[in-house]
Structure formats: structure tokens, C-alpha cells
Amino acid sequence: MQNSTLFGKTYFIRTFGCQMNMHDSERVSGLLDSCGCLEVADPADADIVVFMTCCVREAADTRLYGQCSSCKSLPVPPGGRRVIAVGGCIAQRDGAGLLTNLDNVDVIFGTASIAHVAELLEQAFADGEAHVRCEERDDTPATAMPWHRAERYRAWVPIMTGCNNFCSYCIVPFVRGREKSRDMDEIVDEVTGLARVGVREITLLGQNVNSYGRDLFGAPRFAELLRRLGDTGIERIFFTSSHPKDLLPETIDAMAEVPAVMPQLHLAVQSGSSRILKLMNRKYTREQYLDLIDRVRDRIPDIALSTDIIVGFPGETEEDFLETLSLAERVGYAQAFTFIYSRREGTPAARIADDTPREVILDRFNRLVHVIEDSAYAFNQHDLGHVVPVLVEGTSKKDETKLLGKSPKNQTVHAPLPVGVRIEDLIGRIVDVKVDDARTWYLSGTVVGSPR
Ligand code: SAM
Ligand code: SF4
Ligand code: F3S
């Protein structure tokens, strides 16, 4: 697209929400780069500002309004005009309706219309009008879009879009549509290609990767996908998210048997109370979840388990919450993302009346955070004295003399840079670190042996 009228323009992208949105931003960047645009780190320097939005919680919604209005006070760019584009889940949900409240937005593109972002921007620059495109379904295969990967050694690989689960609190199925799996050969070819160009780690993305293939083959075939990806030469495979109701025994077997699948599993529980789980429409009980955890640990004893938990679902009692606390203690999570329930208009839970005072919910949230911190600390102690292979990402933000990377269990690891070694020569390589300190959110130690 060298003859694009966007040629030479600068752009800035800010992304909110989940990895799916982060990956969508990589596609937007890829398309803009292919038009000859240049990414900049500061919106003040940009001719094009893109917000990739999220609406999973109310705070994310509110932030977009703040961000758009703060663009009004930016200096006019050298080209004389700045175009503001809004993509992602709020764009998909509200479409042209966003223009009522956001009077400085020029382009709105939904999650299924990313392929059209360049032409929408071109039109906006040409006529000064607002341009909106929010299709229901995406007919452009992901592989047909260029892709700007932030890092050369790891990549996100979406294997499916949408969600069929309709958890009663969640807006995602309403904005991202139903589950649609990518062709298995296409994914395997893409990952083989990534391994060939030096990518060492991939994270497979989907709202519920365990049901990958159900729409294509009538039954999930995620285990088969993991086994095939294990033969591509990629060294580390992570995936997210897994819905407990669809985690099949053959998937646990594949995780245990394919060396490239890392010993890490994100299995969102949301609540430890079977009563609340029913109201959430999660389709498993506390006992079934705990049984699943036992089965996973049976096959992969040192697995790092992480989860998502919502506190303050409408009608949650102290007894319900205590069940969440005891479940978290029993599982011993290595990490957990904890959220305060946020009412989302249009979801079934939004109709459930609730008068739990805010202070009670905040107090529960803090108690849960303490339990998670304790279990994360205890989990990390197991690695004290061990040698851990670390994929190096860069230096620590606080101390540039220390390298920072990730272990196979997705733990953050710090170690002093070996004498005479530049970080540029280590990024994307794996170094062995002997762990001599284990904290709640990181391990630290000393590099032993040579990078590979
Ligand atoms: N599909 C993933 C799964 O089920 O594991 C979750 C995707 S969602 C983007 C990430 C997390 O946001 C959910 O697991 C849930 O904990 C949280 N979440 C979703 N809707 C929420 C709401 N209305 N209020 C608070 N947290 C919410
Ligand atoms: Fe939302 Fe549930 Fe789908 Fe996850 S599985 S995206 S929480 S509806
Ligand atoms: Fe948010 Fe959309 Fe992801 S609502 S969490 S960006 S799927």
C-alpha cells in the first residue's frame, strides 16, 4: 500500500483490555506500517491516535472518555490535523452511537472491521467527516493482514474469536460474537513459520481455548492442536483462557506429554461458592473445580495455577465469600487476577438487585488479595536453590544492571547481568538462573552457564 494517502503519517496506539485486544493492536500497527506510517511513543507527536478499547468493566469505559478529551489539549501536529480513531470492544458495542458523547472522534471501527482501518483513516483525512464501520462478522482471515510483532522472540497466536458461554456478568459474548475457530492447518503453518524466524514462545489466545474446534469438527480438538504445535519447533507454548467446564482429560494428557507446553494453567474459577457459580452460569460446582485441580496436579505436579476471581457478585454473602477464600487457600494459586464485580448493562446479572455496601465488598477484596499474596509467596519458595531456564525480555525497570525474564511457570525472574554482557545480546535468549531469593511476585538469582 505504498500509494496510500497515509504514507509518512505518524501514529500512536493505546490499548486497553485483554491480550486479544493487544493482538488486534498488532494487526492495526501492521496495516498502518504497510501504508508507510511510522509509530511514535507520544500522542502529541502523532497525526493518528488510535484507542483500542475494552468494556469488560465500567472503569475501562470511563477511561476512554478521559483519553479522548485529553487529546483536545494536544498541540496540533506538523501535518495540521490529527485524526482520532476508536477501535476494540466499545467501538463494536456502541458503533456510531459513540459520536454523541465523543465529539472529536473521526473513525470508529469494530473488532470485526480491523482490515478496513486504513481506508477509514484515509477517508477521514480526505473529507473531515466521521467514518464508522462495525461489521457483525469478520470475513478477512487473520493471515491476510500484516502483523507488527513488538518482540521477535515471542508472539500471540489467536486460535479462535468470540465466546459461547454467556457467563451472567460478562459483556464479551455480546461484543465479540460467537466462537469461531481458525483452521487447524493454518495455525500450525503460522506457528511453524514463527519458529523458523526465531520465535521461541507463543501464547495461544481465545476466550475459551479448551473448546477450540467445536464449531469446525463438532467436538473440541484443542488437545490435538497442542500435540501438533509441539512438533513445530516452537520451544514454549502458553495458552489463555481455559474454561473449567471444557478442560478435557485428553488436554491434561497433552499438557503433561508435550514438552513445549509449559507447566502453567490459567483456569478462571470466578467464585468458590457453588451457589454463586450457578448464578454466574459457569456450569461447574466448587467440588468439580477442585476435582479438576487434583486431576491436573496428578499429571503435572509442579504446575503453576492462575485464576480470575470476581468479588461482590450481586447477592454474594459472607458465607459465599468465605468459600472463595477457602478455595483459594486450598488451590494455592501462583497468581490471580482479582476483580470487583462491575455491573454491565445488557447482561443477566445486571438485573439482580444487590444492596451489599461498597465497604463490605472492598474489605472482602482486600482479604482475598492477602490470601493470594500468601499463596504466591509459598509457591515461589519451591524454586529456591533450583536452576530455572529464563527467557530474557530486557532489564528490570528499577535496576538496569539486572536482566528480567520469564520462567516456564511464567514467574518473573531477575538476575544481575553477567560481567561484560550487553542486554541487547541476551534479549530473546534463554539463560539458566540459580534462584537464591523467592518473593511474592518474582524470583531472583545468578546466571549460570551460557545463554542459548
Ligand atoms: N474468557 C475468560 C475466562 O472465562 O476465563 C475471561 C475473559 S474476561 C475478558 C477476563 C475476566 O474479567 C473474567 O474472567 C472475569 O473474572 C472478569 N470479568 C468479566 N466480566 C466482569 C464484570 N462484569 N465485573 C468484574 N469482572 C468481570
Ligand atoms: Fe466472559 Fe464467560 Fe466468555 Fe469468559 S467464558 S469471555 S467470562 S462469557
Ligand atoms: Fe475487554 Fe473486549 Fe477483551 S471487553 S477484556 S477487550 S474481549
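Visitor: How do you know that serine 241 makes a polar contact with an oxygen atom of ligand 1?

Guide: A polar side-chain atom of serine 241 lies 3.4 Å from an oxygen atom of ligand 1. A polar contact is a pair of N or O atoms within 3.5 Å; within protein, one must be able to donate a hydrogen and the other to accept it, and residues adjacent in sequence count only if both atoms are side-chain atoms. The 3.4 Å of serine 241 therefore qualifies.

Please keep in mind that this is a predicted model, where local features need pLDDT of at least 70, side-chain atom pairs count only at pLDDT 80 or more, and totals for chains, interfaces and linings use all residues. Residues are numbered from 1 along each chain as its sequence is written, chains are lettered from A and ligands numbered from 1 in the order in which they are written, and side-chain values use heavy atoms, leaving out hydrogens and water.

Visitor: Where do arginine 57 and glutamine 270 stand by that rule?

Guide: A polar side-chain atom of arginine 57 is 3.1 Å from an oxygen atom of ligand 1. For glutamine 270, a side-chain N or O atom is 2.7 Å from an oxygen atom of ligand 1. Both pairs therefore count as polar contacts.

Visitor: What share of ligand 1 does the protein cover?

Guide: Of the 570 Å² of accessible area that ligand 1 has on its own (Shrake-Rupley method, 1.4 Å probe), the protein covers 92%. Strands β13 (304-311) and β14 (335-340) each give two or more residues to its shell.

Visitor: What makes a residue part of the shell around ligand 2?

Guide: One of its heavy atoms lies within 4 Å of the ligand. Residues around ligand 2 include Cys163, Cys167, Cys170, His243 and Arg282. This shell has seven nonpolar, three polar and one charged residues. Ala, Val, Leu, Ile, Met, Phe, Trp, Tyr, Cys and Pro count as nonpolar, Asp, Glu, Lys and Arg as charged, the others as polar, Gly among them. Arg282 is therefore charged.

Visitor: Why is strand β16 called mostly covered?

Guide: Four of the five residues in β16 (402-406) are buried, which means under 20% relative accessible area with a 1.4 Å probe, protein chains only. A strand here is a DSSP run of E, at least two residues, numbered from the N terminus.

Visitor: How do you know that β16 pairs with β15 and β17?

Guide: Pairing needs at least two DSSP bridges. Strands β15 and β16 have four, in the antiparallel sense, and five join β16 to β17, also antiparallel. Both therefore qualify. Leucine 391 stands opposite lysine 406, and leucine 403 opposite alanine 415.

Key: Buried means under 20% relative accessible area, exposed over 50%, partly exposed in between (1.4 Å probe, protein chains only).
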